[in-house]
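Reader: I have a model open and would like to go through parts of it. Can we start with the backbone and then move on to packing?

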Amino acid sequence: MTMTQNPPAITPKLIALHGITPEEYQMIIKKIGREPNLTELGMFSVMWSEHCSYKNSKPILKLFPTSGAGVLVKAGEENAGIVDIGDGLAVCFKIESHNHPSAIEPFQGAATGVGGILRDIFTMGARPIFLMNSLRFGKLDSPQTQRLVRGVVAGISHYGNCMGIPTVGGEVYFDECYEGNPLVNAMAVGLVTKDSIVKGKASGAGNPVYYVGPGTGRDGLGGAAFASRDLSEESHEDRPAVQVGDPFMEKLLMEACLELCQTDALVGMQDMGAAGLTCATSETAARAAMGIEIDLAKVPQRETGMTSYEIMLSESQERMLIIVKKGKEKIVEDIFEKWDLHAARIGEVKEGTTMRVFENGKLASEIPAKALVDEGPVNVREEKQPAYLELEQKLDLAGIPEPQDFNAVLLKLLAHPSIASKAWIWEQYDHMVRTDTVFYPGHDAALVRIKGTTKGLAASTDCNSLYCYLDPYEGGKIAVAEAVRNVISTGARPLGMTNCLNFGNPMKPEVFWTFHQAVNGMSDACRAFGIPVTGGNVSFYNENPQGAIYPTPTVGIVGLIEDIETRVPSAFQNQGDLIFLLGATRNEIGASHYLSVIHGRKQGLPPRLDLEREAALGRLILGLAGKKVLSSCHDLSEGGLAVTLAECAIRSPAKLGAVVDQLDMVMQSALGPQAQTGTEGKLRADALYFGESQSRCVVTVKPEHKEVLVHEAQKWGLPVFQIGKAGGKDLVLGERIQLAVADLSRLYEKVLPDSLNGGV
Amino acid sequence: MHELPRQELTKGEGLKAVIVVFPGSNCDTDCFHVLRDVLKIPVEFVWHKQGKLPQCDLVVLPGGFSYGDYLRTGAIARFSPVMQDVKRHAEAGRLVLGICNGFQILLEAGLLPGAMLRNRSLSFICKPVWLRVENNQTPFTRKFQSGAILQIPIAHGEGNYFCDNDTLKGLEDSQSIVFRYSAQTGELGDEFNPNGSLGHIAGITNAKRNILGMMPHPERASESLLALTDGRALWESLV
């Protein structure tokens, strides 16, 4: 075989610098029957990286249930999963991390995160209809955090707004564990007709392979860039590992690709994200069990003197690989010309299963496609329960004094940036473009309509990482349950789950143990709720010098509402509506926001979640929503009952207050053993007001619907308490809290602006 | 269906509208939906490379980021081939409505006076705002009460209207300011002005009243499902 280059010998040092172990190197030699050249070594290094191959997480990810009613494209099969929503339509969704790029360069890191997740959606032939994101930063009072927040928000705003895709919701948390290692997880949801789903397959020998989008540069060579610098005399300057996004280019690319999907010229499509051209060519070939050949001389390039190594590994943005039906090339070329984009024919699908890369007619690489894609190493990592767990889970409630002034506690909780209004953030996102947004950000879940149908889609992202730190199994369960509860609270039935598993270094047995536990918990919850996992992403190595972040398995749930007129808002709607608390309240203040913010302790066991009871609550809410019985529904999470009621008031259009004066029954009912307390049978007042017992919602109904509500709740065996009435200008909660809604609202709205305005 | 057909012009009497699609337009389908599905007005898209407009009464320049707005908002779109015919259409006294980026394009094309600066906050702002109708004697506002207060969303990074003193005086003297940002009570003041616009200007018209440029998005406030409906009377004024 003739190689175009005689690069420096493949030394053990070079192999190690590519992150390839000696064992993996022997595997490579076995796969290709010889030593790899440098280009091939680079291709194996990116394709066998954790990011592309899931070599460390694969055995654990198998725990997720991936099939279910309506799943059209399963997790791992394609760029994103797809679920049927009836009437010939399907929904395509995925969440993905861009944590490390955002830590280095928050604006471009976050922007390209949005760009990448959108390509995953339209590469399936689906039109992206909304975006969400889950963001986690260090403490808000640090200037470093403020700089990151401003940059990340501006980056998301820049990319999503220009693309014309609304960012309709998400979550933002602030905790010192994310200091220096923020999490930026972006989620996109798209709509596709079932008969126009596009697969990333290079089928049909002789079909031409096209490269579309802007030219390839040396950007995004990332950790592998060192080697390229040694290689080429022209690449002597340092290149940023973070790519630069061009949302206008991606908008054109999206419109052109979606126009192409409506023709009969398309065989397959795959975006060039991580591992760029290497990943797109090898994956499309491997999926189709075909061979593929490309000629790098035909790849549009925006820099001169690029080596085959650099072209194959570049992660330049806004590029796609398209497999075209032979004879229909003109259709493709015309569409891309209309949008002023290049479409370059760079190769062809071949018989066999080998991927060949040529450079000016000379062979630069020859590898079986499957060796890169499917036959990478799979590691079973060592696991060990972390020593901190037992220590931190112990919490003696007797040592936690109940506060004197509950008004002050509520105000302090509402002023915590993780709870306070995020309007400063989401008002920078165009959350209304496409004119489908029915529930703005700030609801339990976002809700968008589907034009031309009665349907709507609801979506929520969630993860309480403190729970996951203190009990990763229970925390994983609760992450799923809360996101599901948020979606159900709007009246939508959950369809599927995507997830972004953010953890520390998987080589540390303690980190890997928490990873395994969290996935176990999530899987058990998905099975109990009958929700398939349709895809996601793993992000390891989230550490700063102080150690790993809290385990943060972010969950994204998408739900369907058949008749948008049955939607349920989350805030108080009418004066005089009766307020009910659904679900049982226990002495659960371990791992709570209250314990952390008021008592400065991140300790204790998180609340216990009974999966059957949670499922019953879901069925109850959906049944009531369908009967149009509920005026509002808001689930209980951080800050417990008091914060939930405050949010119901602050977010209500008329800023309606409430008088909640019937808490005695809740108090008396709270019996049952509590592993972590010595006070069985007696509910503490702080647990009643601020505890975070699971599977609870606050709902309001018109008085005439009271009987139906109580009857239905009893039918499902769920505790139901009438606790008060909506109305007035104050929030009155038992004998301990009375505050004007206007004051609560002012405080709630000003926290983020006070920290983030000025000093740009 | 979620994909709107790119061509649809029904024959018949009454207003006919076209929506110009620039590369980077992203409120084109929103305007199409309101005109066709909500107001039942015949409407079609026109690709910006098209040299000639089809016969129509109303041209809508929609919101978005034409050409990415990397240079200056609307600065490149004004050179699109279709703009020559849009100018002829306007000179003939027929209706032109520029919304958001469309307003910015009208300013760059010289069809309306003034320029847009970055928002006072230097960041993009998307939220419903209050507007006061300053002139209801235009083809675009005749269904509004004089002085009516409307709630319509804005969504822009550069909506801070600016012009020189003479131009401002000219706009005021000729009653060409159609909408101003205000309080819900109609009161004017900096605290009710979301972007720092001179004179709290949210929308202006020309002397002939056949061209309207406005930053707020009436297409986002025309259906009860979306909670805001104050924009609907603008479309109804045109019928």
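Reader: In which loop is N360(A) found?

Author: This is a predicted model. In it, N360(A) sits in the loop of chain A between β12 (354–359) and β13 (362–368).

Reader: What is the phi of N360(A)?

Author: Positive, about 50°, although N360(A) is not a glycine.

Reader: Is N360(A) buried or exposed?

Author: N360(A) has 62% relative accessibility, and the cut-off for exposed is over 50%, so N360(A) counts as exposed.

Reader: And T435(A), what is its phi near?

Author: Near 45°, again a positive value in a residue other than glycine. T435(A) is in the loop between α17 (423–426) and β14 (437–439) of chain A.

Reader: Buried or exposed, T435(A)?

Author: Buried: T435(A) has a relative accessibility of 1%, and buried means under 20%.

Reader: On to helices. At what angle do α19 and α20 of chain A pack?

Author: About 40°, with the axes of α19 (residues 472–489) and α20 (residues 509–529) 6 Å apart.

Reader: Which residues make the contact?

Author: From α19(A), they include Y473(A), G476(A), V480(A) and V484(A). From α20(A), they include W513(A), Q517(A), M522(A) and F529(A). By class, the contact has 11 nonpolar, five polar and two charged residues.

Reader: Where is R485(A)?

Author: R485(A) is in helix α19 of chain A. With a relative accessible area of 3%, R485(A) is buried.

Reader: What is R485(A) in contact with?

Author: Leaving aside neighbours within four places in sequence, its contacts include E614(A), D635(A), Q694(A), R696(A) and C697(A). L609(A), L617(A) and L636(A) are also among them.

Reader: Change of topic: how many residues has the largest nonpolar core?

Author: It has 145 residues. Those with the most contacts inside it are I322(A) and F336(A), together with L58(B), L97(B), Y161(B), F179(B) and W235(B).

Reader: Which helix gives the most to this core?

Author: Helix α10 (residues 247–261) of chain A, with 10 residues.

Reader: What does F336(A) touch?

Author: Not counting residues up to four places away in sequence, F336(A) touches L253(A), A256(A), C257(A) and L260(A), among others. I322(A), V212(A) and L341(A) are also among the residues it touches.

Reader: How many residues are in the other core that lies apart?

Author: That core has 73 residues, among them F512(A), A615(A), I621(A) and C697(A). C697(A) is also one of the contacts of R485(A).

Methods: Residues are numbered from 1 along each chain as its sequence is written. Chains are lettered from A and ligands numbered from 1 in the order in which they are written. This is a predicted model: local features need pLDDT of at least 70, side-chain atom pairs count only at pLDDT 80 or more; totals for chains, interfaces and linings use all residues. Side-chain values use heavy atoms; hydrogens and water are left out. Axes are lines fitted to C-alpha atoms, for helices over the stretch in contact, and angles run from 0 to 180 degrees between N-to-C directions. Helices (H or I, at least four residues) and strands (E, at least two) are DSSP runs, numbered from the N terminus. Contact means heavy atoms within 4.5 Å. Ala, Val, Leu, Ile, Met, Phe, Trp, Tyr, Cys and Pro count as nonpolar, Asp, Glu, Lys and Arg as charged, and the others, Gly among them, as polar. A nonpolar core is a set of buried Ala, Val, Leu, Ile, Met, Phe, Trp, Tyr and Cys residues joined through side-chain atoms within 4.5 Å. Buried means under 20% relative accessible area, exposed over 50%, partly exposed in between (1.4 Å probe, protein chains only).
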